[in-house]
Structure formats: structure tokens, C-alpha cells
Amino acid sequence: MIRFLLKGILRDKQRSLLPVVIVIIGVFLTVALFCWLNGVLNDSIELNARFNAGHVKIMTAAYAKNVDQLPNDLALTGVDTLLIRLKKEFPEMTWAERIHFGGLIDAPDNKGETRAQGPAMGFGIDLLSGDRSETERFNLEKSLRRGRLPLHHGEILMSDDFSRKLKVNPGDTVTLIGSTMNGSMTMYNYTVCGTIVFGTGPMDQGSVIADLEDIRNALDMNNAAGEIVGYLADNYYDEKKIGQFVTRFAGLYPASKDEYAPVVVTLRQQNSLGQMIDQIKGLGGFAVFIFVLSMSLVLWNAGLLGGLRRYPEFGLRLAIGEDYSHIYSSMLYESVLIGIIGSIIGTSIGLLASLYMQHHGLDLSSMMKNATILMPTVFHTRITPTAFYIGFIPGLFSTVIGTALSGIGIYKRKTAQLFKELEA
Amino acid sequence: MRKLVFPFLLMCISINAQNPSAKEIIEKVDKNMSADSRVFTSKMIIHNPRNTRTVESKSWSIGEKKSYTEYLSPAREQGTKMLKLEDQLWIFSPSTDRIIQISGHMLRQSVMGSDLSYEDMMEDPHLLNHYSGKVDGEEKIAERNCWVISLTANTPEVAYQVQKVWVDKDRFIPLKKELYAKSGLLLKKLELSDVLQIQGRWFPKKMLFKDVLKEGDGTEFDIQDIEFNVKIPDYIFSKASLKK
């Protein structure tokens with residue numbers, strides 16, 4: 001019977017085209033929206049992970065308590081030994097030392113006097129060891145607006161807006177005024193080698209980036225780092241894997257009263273990111289639920305309309321002796337086939353469109369110029385396993401339920417009146 | 001009746017003679033602690049929670065307005081110079097060959113991570129010029145009898161609006177100080193010891209500063225040698241001398 005129904009669907013375009021098109025559109029929109037929300041969530045998480053939070057962050061207990069103040073006097077020391085152990089015990093993760101610091105950038109005039117000065121948020125990251133991981137995480141090559149990336153010690157990158165505010169160009173010397181790990185005031189000269197645009201408001205307003213060793217020299221932090229950030233190998237934040245890591249880390253470094261002992265903080269536990277993730281997931285889930293529900297209603301309605309549109313056909317079939325239940329079951333089978341065909345096509349189109357957007361993204365930077373929170377400006381979709389079946393909920397089930405409800409009317413038809421109906 | 005009044009007045013005068021007023025005490029403290037000019041070398045031993053560092057410096061000052069300090073060690077700080085004129089401070093860093101000016105609240109930041117602020121380190125204020133006081137009582141500090149005096153600032157510019165000072169009754173040297181903000185919040189504690197007679201005045205060679213808002217065991221400020229009322233050339237207090 002299925003083969004018969006399938007032939008009917010394929011050959012009788014008048015009967016099948018409209019329902020299939022409606023299912024395709026509904027399923028496509030469901031899959032695309034789902035992947036979009038997933039992508040926005042993932043982009044926000046990854047942006048925070050790359051620039052700041054890592055998937056996990058190792059700090060001293062005291063640093064973790066006051067992390068908002070960037071307290072480098074409480075930084076990790078003996079970092080080389082700690083890193084060797086982390087790399088040995090957790091080979092599935094990649095690690096990077098960082099110093100996050102605040103200070104003033106002072107631009108001198110030709111007499112060496114202060115010409116312009118502004119507060120800066122700085123990062124000391126590995127730029128010169130030959131390992132390009134941090135350069136890629138900070139997306140420095142694509143972010144470069146003027147000049148070049150640091151090639152030598154003593155060079156610094158400035159956010160483009162900040163450099164223009166201080167009227168500083170690549171090649172100029174600026175002085176970092178900050179505080180050493182011991183709390184002394186420190187001054188350190190850098191040559192600006194390039195300017196960058198991150199595409200995120202807070203980072204673009206006053207950031208500087210220099211090689212980790214240069215910042216160590218400036219802040220008197222020999223073999224010390226404020227933070228060691230860790231990333232899962234596939235760069236995708238997986239809460240289950242992170243949970244397993246935390247348990248193993250706690251085994252290696254049990255809770256201690258030493259406030260300078262290393263502690264681990266997950267991405268979820270930083271900067272209210274856990275709350276943000278839950279809220280976005282909740283809102284995203286709710287939006288998808290509402291959308292799936294509304295698409296279900298549309299497709300249900302389409303199923304109902306399809307049943308009603310074919311009212312005379314069912315009367316004729318009853319009149320020539322076809323059984324009620326046979327007509328009803330054939331309707332259901334037919335709607336299952338339409339649902340499957342529409343869902344497969346709709347899901348495929350939705351996935352293809354999402355795949356394109358996953359690679360190319362949608363640049364909304366012009367709409368987010370004044371953003372003050374760390375949010376991505378180029379949004380990508382993200383295809384997850386759920387995206388492969390979520391479209392079948394409205395596409396298949398709603399179509400079938402709609403058809404099943406409309407088909408109940410068949411049983412109310414009276415054979416004696418069928419010919420009168422047909423004559424009419 | 002007349003026979004009773006005279007001894008009573010005599011008693012009052014004698015009590016007054018034994019108990020000098022707060023102003024008189026502060027005047028005597030200022031005579032010991034402050035000078036028209038002074039030159040001293042000092043060793044600052046900073047007890048941070050994670051380490052102890054020693055910073056040596058030489059300072060020149062004239063009154064309350066002009067002060068100049070050059071750091072002698074450790075190597076990282078050697079050659080750093082600070083010039084303070086009124087409420088402006090210039091710092092020269094030899095590694096950058098730059099002079100940076102700081103002012104305002106920055107002057108209340110810690111010097112070299114110690115418990116002293118730039119103002120603590122570089123100012124030599126006459127207490128009487130900035131505070132009015134009252135004697136709260138008497139206490140013993142390090143087995144010495146002291147007056148306990150509360151000082152309240154007359155001007156809003158001073159860093160510590162209220163001070164509680166324990167002054168040695170015999171030598172008129174503060175042996176202990178508590179420094180408060182206007183809100184009444186205790187900011188710093190100071191213990192002064194090793195009181196020696198130098199150029200006819202008593203002076204404490206050791207001071208232990210403790211910033212109570214900061215972790216650590218405080219900063220010892222040891223005066224290695226000090227000269228009062230010496231002639232200091234004017235060029236010392238110029239920006240040009242910072243780069244010399």
C-alpha cells in the first residue's frame with residue numbers, strides 16, 4: 001500500500017505539492033532557528049572562553065576571590081612546574097599562561113613629557129615562542145587594522161580606537177605605567193607595532209596586548225602568571241568533559257587552606273557566564289518550543305485542510321465500497337509519507353543553510369558599535385545532533401495528528417446520502 | 001576664706017604646669033620631628049604576605065613643600081627618582097628615561113608596595129599647622145609614660161583627618177600613632193622606636209607602618225642616618241635633577 005500511496009503522492013501533484021511545500025517551509029524554519037540560537041549561544045561562550053574565561057581557568061585561591069580587581073600580587077608562581085604537570089596529567093587539553101592587568105598607557109611628546117594618557121586593560125600572552133595558539137585564539141591576524149603583529153620583544157599591540165584616541169601610530173613609543181607583583185609602580189617602554197579591532201565594544205575601547213615575557217619583565221612577575229587557561233582539544237565547551245576534568249584536578253590538587261594554592265574555575269563559574277548560559281539556553285529552548293508549537297499548529301491545520309479538501313474524494317471512495325478504516329489508514333499513511341518527505345527536504349535545506357552560516361557567519365558589527373558587554377559581532381549558526389531530528393516534530397507528528405483529526409469525519413459520513421452529496 | 005582661695009589657685013596653677021595643653025605637646029613634638037630641612041638615608045623593609053623586600057633610598061626635603069628621593073637599591077628600583085613639589089609628584093624611571101607626573105589621590109597610593117604612601121614617605125608636616133588636638137589621657141607604651149592626644153584636621157587636604165598619638169611625656173616623641181579617615185575608619189598604625197638624640201633633638205630611628213587595609217606584616221622604615229637643617233641646593237628640587 002505504501003508503494004501505491006507514494007506513487008499517488010509523486011504523480012498527483014495537485015494533491016501532494018501544497019502539503020509537502022508547507023511541511024518543507026515549516027521544517028526548514030524550525031531547523032534554521034534551532035541552529036541559529038545554538039550558534040549565538042556557542043559564539044558568546046567561545047568568545048568569552050577565548051578572550052577571558054578559557055574552558056577552565058587555574059588561579060590561586062586568593063586571586064580567584066578577587067579576580068575582578070586583576071590582583072597580580074596574588075598570581076600563581078612557579079608556573080613552569082605547574083604547566084609541566086598540567087600538560088602531563090591532562091594531555092587532552094591545551095594550556096596557556098596569561099597575565100591580565102590594568103594600567104595607564106602614556107604617550108610622550110618629543111621632549112619625553114606626557115602628551116596623552118589613557119587607562120588600558122592589558123593582556124600578556126604568548127606571542128613570540130613560535131606556538132601560534134594564542135594568536136589564533138585572540139584572532140589577531142584578522143583583527144589587525146594597521147601595522148603588524150609583534151615579532152620582537154618590546155613591541156605592543158593597541159586597540160585601534162585607543163591608539164587613535166591617544167594619537168599613536170605604529171612605530172611610536174608608549175610607556176606602560178602599572179603596578180608590579182610587589183605593588184611597586186612600574187614604567188615600561190613599548191613600541192607600538194600594530195593596531196587591532198576586536199569587534200567587541202569593551203575590548204576595542206582600551207586594550208593592549210604584548211608578549212607574556214615582556215609583561216613579566218614590566219610587572220616583575222618572573223615565572224608567574226595571573227591565570228592559566230585551559231581549552232578542550234576541539235575548542236567546544238562540553239560541560240560533561242569539564243566536569244570530569246574538575247574531579248580529576250581536585251584529586252591532584254585537593255582543597256587547601258593555602259590561599260596561594262592553585263584552584264580551578266570553570267567557564268560556567270566565571271563572570272556570571274553560567275547564569276548567562278542557562279538563561280540563553282532557557283530562552284532559546286522556549287523560543288524553539290514556541291516556534292515548533294506554532295509550526296505544529298500550521299501543519300496540523302494544513303493536515304485538516306487537506307482532509308477537508310478531499311471530502312468529495314472520500315465520499316466517492318466510500319460509495320464505491322471502500323471501507324471506512326481503510327480510507328482512514330490510507331490517509332494516515334499518506335500524511336506520514338508527506339511528513340517524512342517534507343521533513344527530510346526541509347531538514348536538508350535547513351542544515352545546508354546552517355552549514356553555510358556556520359562557516360561564513362552574519363556580521364552584525366554595525367548594529368553593535370556601542371555594545372559594552374563582551375558579545376560577538378559576527379554570529380554563526382551551529383549544527384548539533386538535535387538539529388537532524390528537531391524538524392520532524394512539527395513536520396511529521398503535527399501533519400499526521402492534523403490528518404488523524406480531520407479523518408475522523410469520514411466515520412460520520414452516511415453511505416445512503418453519499419450519492420445525494422455527489423449529485424449536489 | 002582668703003586663706004582657702006590662695007592655696008586653691010596655687011594648686012590649679014601647679015596642676016596646669018604638670019599637664020601641658022595639647023597644643024604645647026604638639027609644638028614640642030614638631031620641634032623634634034620636623035625641621036626646616038633634612039637629608040636622610042633609609043631602609044624600607046616591606047613585609048608582604050609572600051615575601052620581604054628591602055628598598056634603600058636617600059631623601060632631601062625642605063619644609064613641607066619640597067622633597068626629593070632617589071632609590072639606591074634593589075637593582076630594579078635603583079636610579080628611580082621622585083620629586084614632590086606642593087601636591088604634585090614627578091617620578092623618573094631610568095629604564096624608560098621618562099618622567100611621569102602624578103597628583104591628587106595617586107599620592108595616597110603605596111610606595112614600592114610598602115605600607116607607606118607617597119605622602120607618608122615624602123612629607124614632613126608640622127602637626128600644628130594642620131591639626132588641633134586635645135589630651136585624652138595618659139597611657140604607658142613600651143614602659144614609657146605617654147600623653148594620649150587626639151588630633152583633628154583643620155583642613156580637608158590632609159590624608160588622615162583624625163590621628164590618635166601617644167607622645168612620650170619626657171622626650172615629646174610619638175611612640176605610637178593611629179591614623180583615621182574622616183569617616184572614622186582606621187587606615188594605618190604606626191609604632192616608633194629606637195629613639196635617639198640627634199643634633200639636640202629626640203628622633204625615632206625606626207618606624208613600623210601598618211596599612212590595616214592591606215595584607216602583610218607592615219613596613220619597617222629604618223633611618224640609617226639623618227641630618228637636620230642642612231643647606232640643600234635649589235637645583236635638587238627641579239625636574240632637571242631627576243634625569244641627572
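Start by picking B:Tyr68. With 23 other C-beta atoms within 10 Å, this residue counts as buried, since the cut-off for that label is 20 or more. Bear in mind as you look around that this is a predicted model.

Now colour the strand that carries the tyrosine: B:Tyr68 sits in strand 3 of chain B, residues 66-73. B:Tyr68 and B:Leu83 are 15 residues apart in sequence, yet their C-alpha atoms are 4.5 Å apart in space. What else does B:Tyr68 touch, leaving aside neighbours within four places in sequence? Show B:Ser59, B:Trp60, B:Ile236, B:Phe237 and B:Ser241 along with B:Leu83, and you have the contacts of B:Tyr68 on those terms.

Staying on chain B, head for the place where it meets chain A. Here 15 residues from chain B and 14 residues from chain A make the contact. On the chain B side, select strand 5 (88-93) and strand 6 (98-103), each of which supplies at least two of the touching residues. Strand 6 of chain B gives the most, with four residues. Colour that side of chain B by class and you get four nonpolar, six polar and five charged residues.

Cross over to chain A and switch to cartoon. Of its 424 residues, 41% count as buried. For chain A contacts with a separation of 6 or more, 81% are between residues 24 or more positions apart.

Next stop: helix 10 of chain A, residues 239-252. Its 14 residues reach 20 Å from first C-alpha to last, close to the 20 Å expected at 1.5 Å a residue.

Last, select helix 13 (residues 324-360) and helix 14 (residues 392-407) of chain A. These two pack at an angle of about 160°, their axes 8 Å apart, which means helix 13 of chain A runs roughly antiparallel to helix 14 of chain A. The crossing is right-handed. To see where they meet, show side chains including A:Leu332, A:Val336, A:Gly339 and A:Gly346 from helix 13, and A:Phe392, A:Leu396, A:Val400 and A:Ala404 from helix 14. Over the whole contact of helix 13 with helix 14 of chain A, count ten nonpolar, nine polar and no charged residues.

Definitions and conventions:
Residues numbered from 1 in each chain as written. Chains lettered and ligands numbered in written order. Predicted model: local features only at pLDDT ≥ 70, side-chain atom pairs only at ≥ 80, totals over all residues. Contact = placed C-beta atoms within 7 Å. Nonpolar A, V, L, I, M, F, W, Y, C, P; charged D, E, K, R; others polar. Buried ≥ 20, exposed ≤ 12 C-beta atoms within 10 Å, placed from the backbone. Expected span 1.5 Å × (residues − 1). Axes fitted to C-alpha atoms, helices over the stretch in contact; angles between N-to-C directions. Parallel < 35°, antiparallel > 145°, perpendicular 65-115°, else oblique. Left-handed = near helix turned anticlockwise from the far one by under 90°.
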